[in-house]
Amino acid sequence: MKIIYSHLKTFLPNLNVTPQKLRDDITMIGHFTNFYEEIEGEIVFDLDIKINRGDCLGYYGLARDLSVLYNIPLIIPETNLNSSNNNLPITVTSPDVTRVMCVKISNLKISPSPDWLVKFTKIHGVNSVNNIVDLTNYIMFMYGIPNHAFDATICGDHIIWETNNNKTKEFTTLDGTVLKLSSQNLVISNPSEVLSTDLVGGKKSGTYDNTTDIIIEVAIYNRVRIRLDSKELKTITEASTRLEKDLDPETIPLAFNELASQIIKLSGGHINSKTYDYYPNPISVPTIKYDFNSASQISGINISADFAKKTLTNLGCVIARNNNNSDEAISLVTPPPIRKDITIPEDLSEEIIRFYGYNNIPTNQPVTYKKTNNITPKILYLIEKTKDELVSQGYDEVITWPLIETPVDPKTVIRTENSINAEVIYLRQSLIPSLKNQLDQYSRYKLPNPKFFEIGKIYYQENGKYIEKYALGTYDGQEFKETILDDLVETLHATSLPYIPKVINNSAIELTSQIITLDANVNFTSPQDPLKLIEKYSAKINKNILWSMEITDIFENKYTFRVNYYNCDDKTAKKIHLSTFNLT
Amino acid sequence: MDLNKIKTDYNEKINKAKNSAKLELIRIELLGRNGLINKLFTEIKTAPNPKEYGQQLNSLKNELENIIKEKSNNTINVDSKIENCKLKIVNSFGLPKVGHLHPITITERQLNEVFRKLGFSIYNSPEIVTNEYNFLRLNVPQNHPAMDMQDTIYIKQPQCLLRTQTSTIESYLLQQQSKNLPIRAAFPGCVYRNEKVNRSNHFVFHQYQAVVVDKGVTMKDLIGTMDLMFKTLYGPSVVVRYRCKYYPEVEPGVGPDMQCFNCKGKGCVLCKYAGWIEMGGSGMIHPKVLQMAGIDPKIYSGFAFGMGLDRWTMAENYITDIRTLMGGNLAYKPNEL
Ligand SMILES: [Zn+2]
């Protein structure tokens, strides 16, 4: 999510750190921030807000975190709204509405937005429309809660939150997209038609140059409903990404008052109804029994109970003595309603530790050796041992794809249901077809003397069950063989295990060109040390093109060399070969 | 921006690239999805003469593509590390050839060795699993986005799937060993994601995870042990920071970020200008996860951390295409005498 530094100061007037420090600090407390950039004179951050922190999809939630981190006051802009006695005939029949607040504003004047607001919406990736639409977006980004302004002349005052129930089958959005609605979708209507879905507004939901009366609404719905609707209608909007999180109905009045007062400030209208507030089941926040030593116990470093209490208080938690417990350290903690992610003592500890600073935990104290029960399965020892044995016999290890194109036995094969790699949808039943492909690949590159193996799972169905077993597949230069290791391990004596494998280093290479094999016969006047010969001749060849060199034959004083070149063409290889061995 | 200057600058850069890995970095910086050229394309609208600018940009793109292509045909696909080490030549004369372990196996063994020395067992569990072991036992709620179709390869929806993470092995481990405490176990494993195969993505990945359950396990134990692992893999001078990060199966959660080796923290294309690269996930095992496994979180606590092995192994071997690592044109130069 984008955050403009100067607008963060709306809630944190005393915020005064360098953008670099702010970026690093925000990241350390849990909101990964790649970088900040300057856009039209504003410092802008890009934050990765995790799914558990829906509250931080608005400046307000993030500002709450930062006010604790920097120990500076959190300021909520003051609003002072007039009221009117006019009751709005709004109804809510959908069970998926958590809270909705509405009010009518009349005699306003639509106009282009002031520069600051145009810039704000632009940086947030939204087109500027007019002062009203831009303010609804502004409030969504500032408080993280979607909201809307309906033209009361077009829509009327009787707005209804209801389940579609086949009222409308096709719905055209403001931008002209046609959505096929199902009967479960949550919609916002008037008595004659659907005005908006929970995700996106319709043709009649806009505000226009001649709009004078609007009804503004700020609402939160059952997030599961939003998720289902968003998936079903294949619609993802700034609103839906917020509404599908756990948002705080207690924040609605703040956003609502700010929206109404900004609208009056910028468009000159006045409040023309009572505030409608539908909130049938006010949320209850769980109280958590908490031991203020917990943060120290979990982190492994000493964090004072004073720091812990101060942090939780600054976060908006209410701390009470636990009268049923004689232990002084145990308290009852009620988190602020906006922090729905805090439900258990460990959550409170995380809050304390992240504000104390993860970087205060030492990094040089790993666990030390401790004897515990060895629960390593036998099969893993067998695999390790087999690999080492085969490598010592000259086999190279390969890993091939577990999903393949063609089943060996269509009756027992396991098929994937939704693989987007449509050409490989079956789990392999044998390693051999994959190893054959590997051999084809090596042949294409003319790799000399391929000899290789794979140890991997094979899969099949048996009596309605899915079976997977470790198999060993080998190619010894002539034929392919396969052994099921899981079956073998049963017959092995326990005493031959366990086995700790060697760590071997080697360098794998991405084959990008064919390997070119050339021989050379060289006559000497006396017997030679073959190793010295190889050292001498290989030193003459650029290492980047030399794959291998060997002596394949010695007859009297005639030595036959076989050299494999790669990363070069035939011509180059021949030229180098001739000059290396002084052949003409 | 001055397109001519970009052309001369990059021409020089490309010419200086010593090997294909370096060349690939330049290609990504320039022509990748978030590369410079694409960035310039987004600026067309604001250019004084969009049409002309667009044409110029297109021809610049084509030219640079050609230069890179030509260079890559003439570029040696090895790195300075291999160049520097003394080439060992195979001699079939009387001595058998020695084979090679797959690079992933080597990385796994390096890690196994670290953990075996600390008294860890190595563990495994099935790859075809139910959503109970892959999600629910890891405290992933039923409607969590991770459960969405596009991420998971299903055998039979919604119950049966190919495990998407090594934490699934943790689900089995905790349940199977809940009466055999304390636990110290590490596990390499392949995991599956429903992703299109291309040079940087695959449907099968290799991950590594380590789990400790004991009395009084702390974040200090977790961070120290993870740091030891990173130092083993990346060398003693690696800089890793540990920060707050959310995963449903842990609380508190810890995210290790490695300082970008390319820019040393200044910010570059490789690290998306963060200066840091996210290395995986970890944290203290969520009390609900312990509870579901039958372990009393009031008595025992634990940590878990996991990381991907493919990227690291590719970098170590200068492999630029993940398809090479698995069933591709991966080969080994004969080495030992
Ligand atoms: Zn970097």
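Okay, one definition before we start: Ala, Val, Leu, Ile, Met, Phe, Trp, Tyr, Cys and Pro count as nonpolar, Asp, Glu, Lys and Arg as charged, and the others, Gly among them, as polar. Keep that in your heads for when we get to the cavities. And please remember throughout that what you have on screen is a predicted model.

Let's begin with the metal. Which residues hold the zinc ion? Four cysteines of chain B: the SG atoms of B:C260, B:C263, B:C268 and B:C271 are its protein donors, and they lie 2.3 Å from the ion. If you read along the chain, the donors are spaced C-x2-C-x4-C-x2-C. The geometry comes out as tetrahedral because the angles among the 4 donor atoms run from 103 to 113°.

B:Y273 isn't a glycine, yet its phi is positive, at about 65°. With a relative accessible area of 43%, B:Y273 counts as partly exposed. Strand 8 itself covers residues 250-259 of chain B, and B:P252 is found in it. The peptide bond that joins B:E251 to B:P252 is cis, with omega at about -5°.

There's another cis bond in chain B, this one joining B:L181 and B:P182, and omega is about -5° here too. B:P182 sits in the loop between helix 8 and strand 5.

Now for the empty spaces. Rolling a probe the size of a water molecule over the atoms shows where empty space is left. How many cavities of 30 Å³ or more are there? The count comes to 6. The largest cavity holds about 570 Å³ of space. Its lining is made up of 34 residues, and those nearest the centre are A:K387, A:I455, A:Y470, B:E108 and B:C190. Chain A brings helix 13 (378-392) and strand 21 (452-462) to that lining, while chain B brings helix 6 (103-117), strand 5 (183-192) and strand 6 (204-214); each of these elements gives two or more residues. By class, the lining of the largest cavity has 16 nonpolar, 8 polar and 10 charged residues.

The second largest cavity holds about 110 Å³. It is lined by 14 residues, with A:G30, A:N52, A:R53, B:C244 and B:Y246 closest to its centre. This is where the opening definition comes in: the lining divides into 3 nonpolar, 3 polar and 8 charged residues. Helix 12 of chain A, residues 345-356, gives the most, with 3 residues.

At a relative accessible area of 6%, B:C244 is buried. Now, how many disulfides are there over all chains? The count is 0. For B:C244, the nearest cysteine sulfur belongs to A:C56 and is 11 Å away.

Next, an open space in chain A. The second largest pocket has a volume of about 940 Å³. There are 36 residues in its lining, and A:H148, A:L174, A:L199, A:V200 and A:G201 lie nearest the centre. Helix 5 of chain A gives the most, with 5 residues. By class, this pocket's lining has 18 nonpolar, 14 polar and 4 charged residues.

A:K457 is in strand 21, and at 6% relative accessibility it counts as buried. Count 11 residues along the sequence between A:K457 and A:K446, and their C-alpha atoms are 29 Å apart in space. Compare A:V333, in strand 17 (residues 330-334): A:V333 and A:T313 are 20 residues apart along the chain, and their C-alpha atoms are separated by 9.4 Å. A:V333 is buried, at 0% relative accessibility.

Last stop, the loop between strand 21 and strand 22 (465-475) of chain A, where you'll find A:N463. Is A:N463 buried or exposed? Exposed, with a relative accessible area of 77%. Its phi is positive, about 50°, although A:N463 is not a glycine.

Definitions and conventions:
Residues numbered from 1 in each chain as written. Chains lettered and ligands numbered in written order. Predicted model: local features only at pLDDT ≥ 70, side-chain atom pairs only at ≥ 80, totals over all residues. Heavy atoms only, no water. Donors = N, O, S within 2.8 Å, 3.2 Å for Na, K, Ca; no water. Tetrahedral: all angles 85-135°; square planar, octahedral: opposite > 155°, others 65-115°. 1 Å grid on protein atoms, 1.4 Å probe; cavity = no way out; pocket = protein on both sides within 12 Å on 5 of 7 lines; lining within 4 Å. Points joined across faces, edges and corners; volume = space filled by probe spheres on them. Helix = DSSP H or I, 4+ residues; strand = E, 2+ residues; numbered from the N terminus. Disulfide = S-S within 2.5 Å. Buried < 20%, exposed > 50% of the residue type's maximum accessible area, 1.4 Å probe, protein only.
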